[in-house]
Amino acid sequence: MHSNHSSSIFTKQNIFYIIVTNTIASFPCSLQISMEIFKFFYFINLLILLSIFILPSSSLSPLPIDSYSKALLSIKSELIDDNNSLDDWVVPSEKNLTQNGSSYACSWSGIKCNNHSLITSIDLSMKKLGGTLSGNGFSVFTNVTNFNLSYNFFSGNLPSQIFNLTSLETLDISKNNFSGQFPKGVSKLKNLILLDALSNAFSGQLPAEFSQLEYLRILNLAGSYFIGTIPSEYGSFKSLEFLHLAGNSLSGNIPSKLGNLQTLIHMEIGYNFYQGFIPAQIGNLSKLKYLDIAGANLSGFIPKELSNLTSLQSLFLFKNQLTGSIPSELGKIKPLKDLDLSDNFLSGSIPESFSELKNLRLLSLMYNDMNGTVPEGIAELAFLETLVIWKNNFSGSLPKSLGKNSKLKWVDVSTNNFNGNIPQDICLGGVLVKLILFSNKFTGSLFSISNCSSLVRLRVEDNSFSGQIPLKFNHHLDVTYVDLSLNHFVGGIPSDISQATQLELEYFNVSYNNLTGQIPEELANFPSLKTIDLSNNKFNGIIPAKFGSSSSLQLLNVSFNNISGSIPKGKPFKLMDSSAFVGNHELCGAPLRSCYESLGILGSLRTWKLTQIVLLFVGLLIILLVLAFGILHFRKGFKSL
């Protein structure tokens with residue numbers, strides 16, 4: 001290639017020589033001037049020839065740029081690229097390899113270069129690439145500071161050659177399927193600030209050498225299969241701000257030395273299989289804003305030293321085996337916004353000091369063994385959005401001003417021993433979406449939520465609510481689930497229920513009340529409604545025939561009411577058991593006893609019974625007339641003898 005290239009240039013030089021000679025010959029100047037001009041161009045021509053035959057060929061082809069191209073094309077050859085995301089990574093011709101001193105590879109997708117045509121960033125994220133990486137050629141990318149392979153389908157071992165990119169500041173291999181042990185040698189990345197390996201399939205021990213990276217701020221090793229303990233060396237990071245080890249198979253005790261991470265802001269180490277307690281030394285992390293050790297098999301008490309986390313905004317310790325009462329000292333964490341201690345074995349009451357958590361927006365204590373009442377001060381928290389305390393042994397009434405001072409979105413106090421009325425202003429904020437009160441001892445009416453237009457989910461079953469159902473479904477246009485069963489409601493189902501067009505439920509339940517009136521035909525209009533339970537009420541009239549043409553209905557339970565007439569014919573009713581219709585003495589038709597054909601003409605079973613009596617009377621009258629006629633005829637015959 002070099003000789004051909006030289007020959008081409010040599011030919012061009014001859015042409016250049018001829019052109020210059022002819023040009024000089026045409027100049028109207030003296031011979032001396034012409035000769036001087038000729039000497040000048042001859043000297044230039046000589047320099048060009050020397051550059052061809054004397055200078056090394058390497059000066060014509062910049063090797064660093066060429067090695068970049070070769071290395072990138074080598075990486076491409078290992079990849080599975082079904083979407084052709086790297087179509088612009090093509091073999092360049094030599095004449096295009098340099099353009100004004102710039103690398104041809106600098107124009108390829110995912111590649112960035114600096115002003116000296118040196119590649120500084122390789123970003124192949126979210127390109128649906130797959131395959132395994134050998135690591136060959138990685139050593140040439142010594143100027144790369146950012147290497148991103150995230151959100152792809154890479155598999156196999158992560159090549160240790162990746163640590164030859166010694167200028168790396170960020171390495172992101174998250175959301176792939178790299179497996180095996182994490183390779184050794186990461187400590188060579190002296191400038192590394194971020195390492196994100198979230199959601200892969202790594203196994204083996206966590207590498208202790210990460211702690212040697214003195215500039216590392218973000219370490220994310222979550223969502224793999226790492227085993228063993230958290231290395232105690234992880235307590236010696238100098239600059240670490242973000243530590244995420246959740247969702248692995250880690251075991252053993254949480255190292256108390258993690259309390260030495262004075263720069264740490266965010267720590268997630270839950271969803272593992274630890275033994276032992278929460279180290280009290282965690283309370284030394286004065287800059288910590290986010291702490292999540294949920295689902296981690298932890299036991300023992302919640303250390304009161306956590307109250308020293310004076311910068312903490314979120315504390316998640318749910319789904320463990322923590323015991324004892326909640327330390328009242330936690331009320332000192334003034335910035336706290338989210339507190340979730342649910343699904344443990346905690347006892348005692350809600351600390352009164354929680355009324356001092358003025359920034360609290362989430363309080364979740366569900367699924368514990370707690371008791372007592374809800375402090376009135378909880379209702380004074382201006383930012384409270386979610387109160388979830390179901391399945392405990394709380395008693396008394398809810399704070400009277402609950403909802404008055406904050407924009408509540410979700411309240412779930414089900415399965416406790418609460419009594420009294422629903423707080424009058426619970427919907428005042430206008431954003432209450434879920435109100436779950438079932439299995440308590442609440443009394444009174446639902447008047448306070450009658451105009452709660454934001455409600456999507458309402459469950460008040462298994463209480464002692466009474467009065468008519470005051471819900472105005474033309475104000476509850478977004479409601480999707482309603483369960484009013486096992487109460488003492490009277491009256492009928494609101495006539496405007498058909499306006500609740502979002503009602504799915506696949507399930508509608510008002511059973512075990514004292515409801516009266518006829519079954520609303522509108523219930524048959526809901527396209528996704530599978531189960532309608534109206535049992536154990538005092539409904540009367542007939543079952544609307546429209547239910548027989550419902551495309552979704554699987555069960556209509558009207559048992560133990562005063563329903564009469566015949567069960568409609570139609571596909572839904574062919575699959576229903578007789579238990580859905582028992583307890584209605586004037587109801588007939590499959591799967592109950594058959595109805596007489598005349599039932600359709602006479603209109604109802606009561607009319608049919610009256611008809612039966614009339615027919616019986618007529619029949620007896622005919623029999624008596626026949627007998628009288630027979631006796632009279634017999635006597636006449638006897639006299640003729």
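Accessible areas here come from the Shrake-Rupley method with a 1.4 Å probe, and for residues only the protein chains shown count as cover. By that method the accessible surface of the protein chain is about 31400 Å², and carbon and sulfur atoms hold 56% of this. The model is a predicted one, in which local features need pLDDT of at least 70 and side-chain atom pairs count only at pLDDT 80 or more, while totals for chains, interfaces and linings use all residues. Residues are numbered from 1 along each chain as its sequence is written, and side-chain values use heavy atoms, with hydrogens and water left out.

The protein chain has 641 residues, of which 45% count as buried; buried means under 20% relative accessible area, exposed means over 50%, and partly exposed lies in between (1.4 Å probe, protein chains only). Of the contacts (heavy atoms within 4.5 Å) in the protein chain with a separation of 6 or more, 48% are between residues 24 or more positions apart.

The protein chain contains seven helices and 42 strands. Both are DSSP runs numbered from the N terminus, helices being H or I with at least four residues and strands being E with at least two. Two strands pair if DSSP finds at least two bridges between them.

Asn419 is opposite Lys441 in E31. E31 also pairs with strand E33 (residues 464-468), again in the parallel sense and over two bridges; here Thr443 has Ser464 in E33 as its bridge partner.

How many salt bridges does a search of the whole structure find? There are two, a salt bridge being a side-chain nitrogen of Lys or Arg within 4 Å of a carboxyl oxygen of Asp or Glu. In one, the closest N and O atoms of Asp338 and Arg361 are 2.9 Å apart. Asp338 belongs to strand E22 (residues 338-340) and Arg361 to the loop between strand E23 (345-347) and strand E24 (362-364), so the pair ties together parts 23 residues apart in sequence. Asp338 counts as buried at 8% relative accessibility, whereas Arg361 counts as partly exposed at 35%. Arg459 and Glu461 form a salt bridge with their closest N and O atoms 2.4 Å apart, and both residues are buried.
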